[in-house]
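Here is my note on the two-chain model you asked about, written as numbered points. Keep the picture open beside you and look up each place as you reach it.

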Amino acid sequence: MKAVKKVDQFYLLKQLPKATALLCKKGILLDASCSWLDIFGLPPQDETTKTKVSLLYSEIPDLKRRLKENKSFSLQHKIENTDGTRYLKSYFAPWFDEKENVIGTIIQTDDITPEVQKEQQIDWLNNILETKVEVSETGWWEFNVQTEELSWCKETKRIHQVPDCFEPTTIEAINFFKPGYSQNKVSMLFHKAIASNQSYNTKLMIVTFNGEERWVRITGKPFVKDGKVIKVFGTIKDIHDQEIAETRIKEHQQLLSTLVDSLPLNVYVKDLESRKVLVNKGECNYFDKRVEELIGKTDFDLYGEKDAQISREEDIQVMKNLTPIIGKETVSTLNGKTTHFLTSKIPHFDLEGKVCGLIGMSLDITAMKKKQEELCNLINITSMQNQKLISFAHIVSHNLRSHSANFSMLLGFLNSEKDPQERKRIIDMLTQASDNLLETLGNLNQVVDINTKTAETKKPLNLQNNIVKVLENFSALLDKDDSQIINNVEENIEVSCIPAYLDSIILNLVSNAVKYKSPNRTLLITINAVKSTEGVLLSISDNGMGIDLDKYRDKIFGMYKTFHNRKDAKGFGLYLVKNQIEAMGGSITVQSEVDKGTTFNVYFNEES
Amino acid sequence: MKKVSCIFIVDDDPITVFGIKKMLKSVASCDDIQIFQNGHEAHEAIKERLKEGKIIPEVVFLDINMPIMDGWEFLDELIALDIKEHITINMITSSIDPLDYKKWNGFKNRCPYTLNFKNKPIFKIEANDLGCMDIAS
């Protein structure tokens, strides 16, 4: 009977929906509900199994002691199995018989895994939030519309530089914003959030507890329940340093771009492919294009193939060898206009120190270059004139000296000469010397005239007419010897010349040809004229004696240089011609072959 | 009176030639005084004399500025002829161009003959102009 009763009792236990177990006083499992056995993964129990409960709760070392106290208690524990971790909560209560004697312990166990997991998730979320606040330095605040309570998070307090214990009122919070724009703005936004459910996100300035003015970004988002705003949640972030940095960067950029734009230089930045990535105003003005039209373009898009190739090779050299080109003189041709530049190209490095292109600067030195050329020309002219002056001074001194020396000598003779016949001879000589001196002075005067009267205006003169006029003077001379003159000069050719000089040039050259004609041939003079862009070239050729230019090239146009035994040769004509043509900015050259003939080429300069 | 076998006067200025001839009369006795208008003529004459074995001028009065062949060119040609006999050459010029003086100095160093530099006007022909320094002193 007793046994049956017992069986019944335990059979009932098996069926209990809540996991329940019974222990004897020694802590050995007597029996348990199926659900309890299932939790711990135990087989059905009988007298032989003798499962010790302390082994099941191995993580709780003082379980035995606590059971002996015969008091109710509960504890949390967990079981690891293949499905993962199960969190459990067990309630321990003393088991009394009818006489209130403790005969063992009743255990009830709940599976609290979902609750624990939820808790863990909340912990995790809180962690994330805190980390986020910490990392982003973004604080939050919350306003309860009904209670009018405002709460700040730690970060929010830190931003306002208030102690952690500070709890603000709405008025206080708004008063932290800088009076004026910031304070008015935040009041309005906060009001609108509550009154008309509007979110906001703006940048304003606060004055912290310590009196520091700092830029912050604030947001606010109303939460609505039953059509009414019940809560406003928002964030605050200190963006002062970024704001200041940004302002500073903007200021730097402004300074830099003003500087680059106002430099009297063409400035450009090119990438590795020599495409322009930045151009300044100077560069735009030079190309007469807008910035957008130049960005991305290479020199091949802008210049001729040859110029572009030279520029690209420079670019490659700079970017490859990392050696800058400083102040190199370059020439660029754009739309047919040539510009001289003083160009510098410097390698451009990115933040990692790798070359990413180049910075170019070009200074337009065309005007300077032109001035320099003018100066060079002037120096050349001056030194040439100086040379002429020196050689003229020598000529003067030599020729005058030679006459005066003769005077001295002859007068010396005259002084000591008694013989009247000899005296007469000496006086004849003196007369001759005097005539010679006069002639020399006349010649020298002519040369001085040429070199001082360069200011005399040139006139356009018909070449053909002037030649014909000069040739008339020779007609008697030429007819006598059957000499022939072929004048091929076209009628319409004009030269810009001082009239007297043109006559002198033609006269001297033709008379030279007549003077030095070959004794073996009939004289033939050919006159030609060619007009080109540089001016008019007049050629006078003869078939006369010619002259050995290897010997006399340096002297042919020299003063008082003669090369043939002729009584009427004074060595002055060609010297005069050369002075006259050079005084008009032209030049004269000679070609000759002994016993063949001579050609004089006269270049008339058409510039006035 | 110094006896000179042969004198060449090379100058295109008849007045200078007249003067030299006149001055020579009082200091030298010479039966063979030759006048030339320029270096070329004088050079031809010397070549001719060499060819025919005639006497070479003992003294030469040489102008610098002359047509066709000037004094310097004549000197070049004369040195090239490599004449063994001694010649006294008097360069006569009215030039005061320092360049001419420099040129003379250059020639003096490489000329095997006595080379004098005489600036016009000349009033007297010295003994050493005739190549007789030893006798004169």
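1. Let us begin with the surface of chain A. Its accessible surface comes to about 36700 Å², and carbon and sulfur atoms hold 54% of that. Such areas come from the Shrake-Rupley method with a 1.4 Å probe, and for residues only the protein chains shown count as cover.

2. A word on the ground rules. This is a predicted model, in which local features need pLDDT of at least 70 and side-chain atom pairs count only at pLDDT 80 or more, while totals for chains, interfaces and linings use all residues. Residues are numbered from 1 along each chain as its sequence is written, chains are lettered from A and ligands numbered from 1 in the order in which they are written, and side-chain values use heavy atoms, with hydrogens and water left out.

3. Now the outline of chain A. The C-alpha atoms of chain A fill a box of roughly 200 × 65 × 60 Å along the principal axes. A compact globule of 608 residues would have a radius of gyration near 25 Å, but chain A has 60 Å. That radius is taken over C-alpha atoms, and the globule rule is 2.2 Å times the number of residues to the power 0.38.

4. Inside chain A there are 19 helices and 22 strands. These are DSSP runs numbered from the N terminus: helices are H or I with at least four residues, strands are E with at least two. Of the 608 residues, 39% count as buried; buried means under 20% relative accessible area, exposed over 50%, and partly exposed in between (1.4 Å probe, protein chains only).

5. Two residues of chain A deserve a look at their backbone. A:E148, in the loop between β6 (138–144) and β7 (149–152), has phi near 60 degrees, a positive value in a residue other than glycine. A:E148 is exposed, with a relative accessible area of 59%. A:D288 has phi near 55 degrees, again positive in a residue other than glycine. You will find A:D288 in the loop between α10 (281–287) and α11 (291–294), where A:D288 counts as exposed at 68% relative accessibility.

6. Which pattern does chain B follow along the sequence? Chain B reads β-β-α-β-β-α-β-α-β-α-β-α, made up of five helices and seven strands. The C-alpha atoms of chain B fill a box of roughly 35 × 35 × 30 Å along the principal axes. With 137 residues, a compact globule would have a radius of gyration near 14 Å, and the 14 Å of chain B agrees. Buried residues make up 54% of chain B.

7. B:P121 sits in the loop between β7 (114–119) and α5 (133–136).

8. Finally, where the chains meet. The contact (heavy atoms within 4.5 Å) takes 26 residues from chain A and 25 residues from chain B. About 2200 Å² is buried between the two chains, with carbon and sulfur atoms giving 57%. Buried area here is the accessible area (1.4 Å probe) that two parts lose on being put together, summed over both. A:H398, A:R401 and A:M409 supply 24% of the area that chain A buries against chain B, more than any other three residues.
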